[in-house]
Amino acid sequence: MKCPFCNQDNTRVVDSRPADDNCSIRRRRLCDACGKRFTTYEKVETIPLTVIKKDLTREQYDRSKIEAGVVRACYKRPISVQRINGMIDEIETEIFNREEKEIDSKAIGEIVMDKLKSLDAVAYVRFASVYREFKDVSTFMDELKKILE
């Protein structure tokens with residue numbers, strides 16, 4: 001590992017422990033050349049995943065898109081950031097456990113809606129209204145009736 005301060009490659013690990021998310025390792029390193037310390041994170045490399053969009057275009061999977069949609073749906077709801085991040089981790093785990101190289105954006109949307117339904121009904125309806133592109137009030141009411149049953 002190169003030192004970010006002096007660019008020498010003779011660094012060593014002085015401390016190693018799981019990061020806060022328990023999905024990566026936090027390592028404190030020491031540069032033997034300049035004596036400065038820095039932190040690195042080591043994470044498991046996942047299978048590159050391609051998302052097939054509604055218009056059949058393909059793009060690289062991007063966690064931040066799921067995060068943005070979920071955070072928007074949970075706006076001003078009594079849901080902690082930790083619960084939101086935990087749910088996003090569950091969604092991502094479910095997506096990658098399929099062990100496929102490509103996944104439909106519809107499948108991702110359904111997984112997100114399933115998780116939101118058990119988290120918060122209002123957040124679920126907010127996400128569903130954008131995801132399912134409700135055209136009028138009757139389709140919106142149909143979705144609300146499903147939740148109430």
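Colleague: Which residue takes a positive phi in the hairpin of E1 and E2?

Modeller: Asn-22, with a phi near 60°. The hairpin has five residues between its strands. Note that this is a predicted model: local features need pLDDT of at least 70, side-chain atom pairs count only at pLDDT 80 or more, and totals for chains, interfaces and linings use all residues. Residues are numbered from 1 along each chain as its sequence is written, and side-chain values use heavy atoms, with hydrogens and water left out.

Colleague: What makes E1 and E2 a pair of strands?

Modeller: Pairing requires at least two bridges found by DSSP between two strands. Seven bridges join E1 to E2, so the pair qualifies. The two run antiparallel. Arg-12 stands opposite Leu-30 of E2. Ser-16 has Arg-27 in E2 as its bridge partner. The strands themselves are DSSP runs (E, at least two residues), numbered from the N terminus.

Colleague: How many bridges pair E2 with E3?

Modeller: Seven, again in the antiparallel sense. E2 covers residues 24–31. Arg-29 has Phe-38 in E3 as its bridge partner. Ile-25 stands opposite Glu-42 of E3. This hairpin also has five residues between its strands, and Gly-35 in the turn has a positive phi of about 80°.

Colleague: In what order do the three strands form the open sheet?

Modeller: E1-E2-E3, with antiparallel pairing. Strand E1 (11–18) and strand E3 (37–43) are the edge strands, as each pairs on one side only. Neighbouring strands of the sheet are turned against each other by 30° on average, direction ignored.

Colleague: Why are H1 and H2 called oblique to each other?

Modeller: Helix H1 spans residues 63–73 and helix H2 residues 81–97. Both are DSSP runs (H or I, at least four residues). Their axes cross at roughly 135° and come within 11 Å. Axes are lines fitted to C-alpha atoms, for helices over the stretch in contact, with angles from 0 to 180 degrees between N-to-C directions. Under 35 degrees counts as roughly parallel, over 145 as roughly antiparallel, 65 to 115 as roughly perpendicular, and the rest as oblique. H1 and H2 are therefore oblique.

Colleague: Which residues of H1 and H2 make the contact?

Modeller: From H1, Arg-63, Ile-66, Glu-67, Val-70 and Val-71. From H2, Ile-84, Asn-85, Met-87, Ile-88, Asp-89, Ile-91, Glu-92 and Ile-95. Contact means heavy atoms within 4.5 Å.

Colleague: What joins the side chains of Asp-89 and Arg-63?

Modeller: A salt bridge, at 2.8 Å from N to O. The term asks for a side-chain nitrogen of Lys or Arg within 4 Å of a carboxyl oxygen of Asp or Glu, so this pair qualifies. Asp-89 sits in helix H2 and Arg-63 in helix H1, 26 residues apart, linking distant parts of the chain. The structure holds eleven salt bridges.

Colleague: Which residue has a positive phi of about 65° although it is not a glycine?

Modeller: Asn-7. Asn-7 lies in the segment before E1. Glu-99, not a glycine either, has a positive phi of about 55°. Glu-99 is found in the loop between H2 and strand E6 (102–104).
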